[in-house]
Amino acid sequence: MVWDAATLEMIKDGILETFLMVFGSSLISYLIGIPLGIILVVTDTDGIKPIPALQKVLGLVINLLRAVPFIIMLIMMLPVTRAIVGTTLGAKAVIPPLVAAAAPYIARMVESSFKEVDAGVIEAAQSMGATTWQIIWKVLLPESKPSLMVGAAISMTTILGYSTMAGFVGGGGLGTIAINYGYYRYQTDMMLVTVVILVIIVQIIQETWMKLAKVSDKRIR
């Protein structure tokens, strides 16, 4: 592989496209996943406002979406993607299927984080007359913040892994570079470079969220 200016520019564009896919889809997925996670916890049998039927139906839908492998989700959503972004190629076209795959996963992560909150704290808030919204905003979210941040690290690295699969359908980013050059053209050095860059990105995401989780954890102060 000749490492000229054009190659370096291609890698730089791949990194930028990967960041667009990962951070763009993560933001949208959390905007969807957090409310879904809240509904799952609040409407549970032992929740603040039990609505078992709603909780079971929503949980079933989330589980069905989580059960679909991302590469199949990517193909199934091609008509939806085209309708939303106007194309099925490039980094932007990967964001809708990434959101569809990641939002249910994040909803379960949020649900798990909320369920770690001590029931006694919630009961104390209820005994003082706190409303459901106040309990969510002033108890569940603050108390589960460290766990939510650890979950964010796991979720974003998972989304990064999903984004590399999009290279098989021309999704752009480092995954496309690795597949086009490392797989189809047998240029091992290019594949190794993209893998190293992906590992560095994973490490940055992991370390950043873990440090934020540590800072926000009241138990270690």
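## Basis of the model

The model is predicted: local features need pLDDT of at least 70, side-chain atom pairs count only at pLDDT 80 or more, and totals for chains, interfaces and linings use all residues. Residues are numbered from 1 along each chain as its sequence is written, and side-chain values use heavy atoms, with hydrogens and water left out.

## Overall fold

The chain contains 10 helices and zero strands. Helices (H or I, at least four residues) and strands (E, at least two) are DSSP runs, numbered from the N terminus. Read from the N terminus, the order of elements is α-α-α-α-α-α-α-α-α-α. The C-alpha trace spans about 70 × 45 × 25 Å along its principal axes.

Of the 221 residues in the chain, 42% are buried. Buried means under 20% relative accessible area, exposed means over 50%, and partly exposed lies in between (1.4 Å probe, protein chains only). Valine 110, in helix α5, counts as buried because its relative accessibility is 1%. The C-alpha atom of valine 110 is 8.5 Å from that of serine 147, although the two residues are 37 apart along the chain.

## Salt bridges

Side chains of opposite charge can pair when their charged atoms come close. A salt bridge is counted here when a side-chain nitrogen of Lys or Arg is within 4 Å of a carboxyl oxygen of Asp or Glu. By this rule there are four salt bridges. One of them joins lysine 12 to glutamate 9, with the closest N and O atoms 3.3 Å apart. Both residues are in helix α1, three residues apart, or about one turn of the helix. Lysine 12 is partly exposed, at 41% relative accessible area, and glutamate 9 is also partly exposed, at 37%.

Asp44, Arg108, Glu111 and Lys115 are linked in a network of salt bridges. Aspartate 44 counts as buried, at 17% relative accessibility, whereas lysine 115 is partly exposed, at 46%. Arginine 108 and glutamate 111 also form a salt bridge, at 2.7 Å from N to O. These two residues are about one helical turn apart because they are three residues apart in helix α5. Both arginine 108 and glutamate 111 are buried.

## Nonpolar surface patch

A nonpolar patch of about 1000 Å² is made by Ile71, Ile72, Ile75, Met76, Met165, Phe168, Tyr183, Tyr184, Met191, Val195 and Val199. Patches are made of residues with over 30% relative accessible area and no salt bridge; like charges are joined within 9 Å, and nonpolar side chains (Val, Leu, Ile, Met, Phe, Trp, Tyr) within 5 Å. Accessible areas come from the Shrake-Rupley method with a 1.4 Å probe, and for residues only the protein chains shown count as cover.

Helices α3 (70–76) and α10 (188–216) each supply at least two residues of the patch. The largest share, four residues, comes from α3. Valine 195 is in helix α10 and is partly exposed, with a relative accessible area of 41%.

## Pocket and cavity

On a 1 Å grid over the protein atoms alone, a cavity is a set of points where a 1.4 Å probe fits but cannot get out, and a pocket is an open set with protein on both sides within 12 Å along at least five of seven lines; lining residues have an atom within 4 Å of a point. Grid points are joined across faces, edges and corners, and a volume is the space filled by probe spheres set on the points.

The largest pocket holds about 280 Å³ of space. It is lined by 14 residues, and Val41, Asp46, Gly47, Ile48 and Ile122 are the closest to its centre. The elements that give two or more residues to this lining are α1 (5–42), α5 (95–115) and α6 (119–127). The largest share, four residues, comes from α6.

The structure holds one cavity of 30 Å³ or more. The largest cavity has about 60 Å³ of space. Its lining has 12 residues, with Leu74, Leu78, Thr88, Ala93 and Val169 nearest its centre.
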